[in-house]
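Trainee: I am new to this structure and would like to understand the terms used to describe it. May we go through them one by one?

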Amino acid sequence: MSKVILVTGAGRGLGTDIAREALAAGHQVVATGRRPEEVQKSLGGPQVDLLVTKLDVTNPDDAEGTALAAVDRFGRIDVLINSAGNLFTGYFEEISPAQMRRQFETNLFGPMNVTRAVLPIMRRQRAGHVITITSTAGLVGMEFTSAYAASKFAEEGWMESLRYDVEPYGIHTTIVEPGYFRTELLVDGSTNWPELSIDDYAPRTALRIEGMKTMNGKQPGDPAKLARALLTIADQEKPLQRFIAGTDAIEAAEAKAKELRAQAEASRELGDSLAHDDTTV
């Protein structure tokens, strides 16, 4: 069944793949990006079922304008896919406070802005689906990713809670946690290196940056296949609430679950002793 699908970050990487696959599957697509001319070009030019809008996710006015334009053109919004994001990488002390704030502006407040603009439309419809791309880094903290992981952990908490807010209105939510895919996250413009330099970290920083640069294009995941998987989830009557995407992501999630179980058991004696004791002598 054809749906109206709004995709953020459609000018490059996974967002382009999602928009392209959605068009090929017969959906009506609102493809957004900071440079709409690049979005249009990446998707093969003007098409009957395609609306391209300018959307900087950090700008609430852009988000409102895109939502209104989508309804004006197609009459509704069935699926929102929050795909836009970037990566500020580095050891915590070398990431400037301004960089940390910019990371959260794009990866957390950005999808919040767009979702806030779309939810009133979905509530009026009493139907809709919000899909947000987080990351395995939203489940598992890793070296050299403190800013990115922090933004993704926050995004996960927001989405987990949003589910309960919007379920009564027929709106579904899905968190997508991809592993390593051959997107453009590691290219210049999407990846931002630390602004600060501390001698203690310098050798490790140089090694990490070199490793990440050589990884680009060699990630195991196929973004076109991920895009098609997301469309499958969007068509489900009861969509997955959480989609762990990729063998590496599933292995990381299983390891984290095992670690949490072990830590819960290790905490049991001390943790269980913290309840209020009403016993009187």
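**Terms and values**

Mentor: Of the 281 residues of the chain, 47% count as buried. Here buried means under 20% relative accessible area, exposed means over 50%, and partly exposed lies in between, with a 1.4 Å probe and protein chains only. The model is predicted, so local features need pLDDT of at least 70 and side-chain atom pairs count only at pLDDT 80 or more, while totals for chains, interfaces and linings use all residues. Residues are numbered from 1 along each chain as its sequence is written, and side-chain values use heavy atoms, with hydrogens and water left out.

Trainee: How do you know that the radius of gyration of the chain agrees with a compact globule?

Mentor: The radius is taken over C-alpha atoms, and the globule rule is 2.2 Å times the number of residues to the power 0.38. For 281 residues the rule gives a value near 19 Å, and the chain has 20 Å, so the two agree.

Trainee: How many aromatic pairs are there by the rule?

Mentor: Rings of Phe, Tyr and Trp (its six-membered ring) pair if their centres lie within 6.5 Å; planes under 30 degrees apart count as stacked, over 60 as edge-to-face and the rest as tilted. The count comes to 2 aromatic pairs.

Trainee: Why is the pair of Y91 and F144 called edge-to-face?

Mentor: The ring centres of Y91 and F144 are 4.8 Å apart and their planes stand at 75°, so the pair is edge-to-face. This pair links distant parts of the chain, 53 residues apart: Y91 is in the loop between β5 (87-88) and α4 (97-125), and F144 in the loop between β6 (128-133) and α5 (146-166). Helices (H or I, at least four residues) and strands (E, at least two) are DSSP runs, numbered from the N terminus.

Trainee: What makes Y91 and F144 count as buried or exposed?

Mentor: Y91 has a relative accessible area of 7%, so Y91 is buried. With 3%, F144 is buried as well.

Trainee: What kind of aromatic pair do Y91 and Y201 form?

Mentor: Y91 and Y201 are stacked, with 5.3 Å centre to centre and 20° between the planes. Y91, F144 and Y201 form one aromatic cluster.
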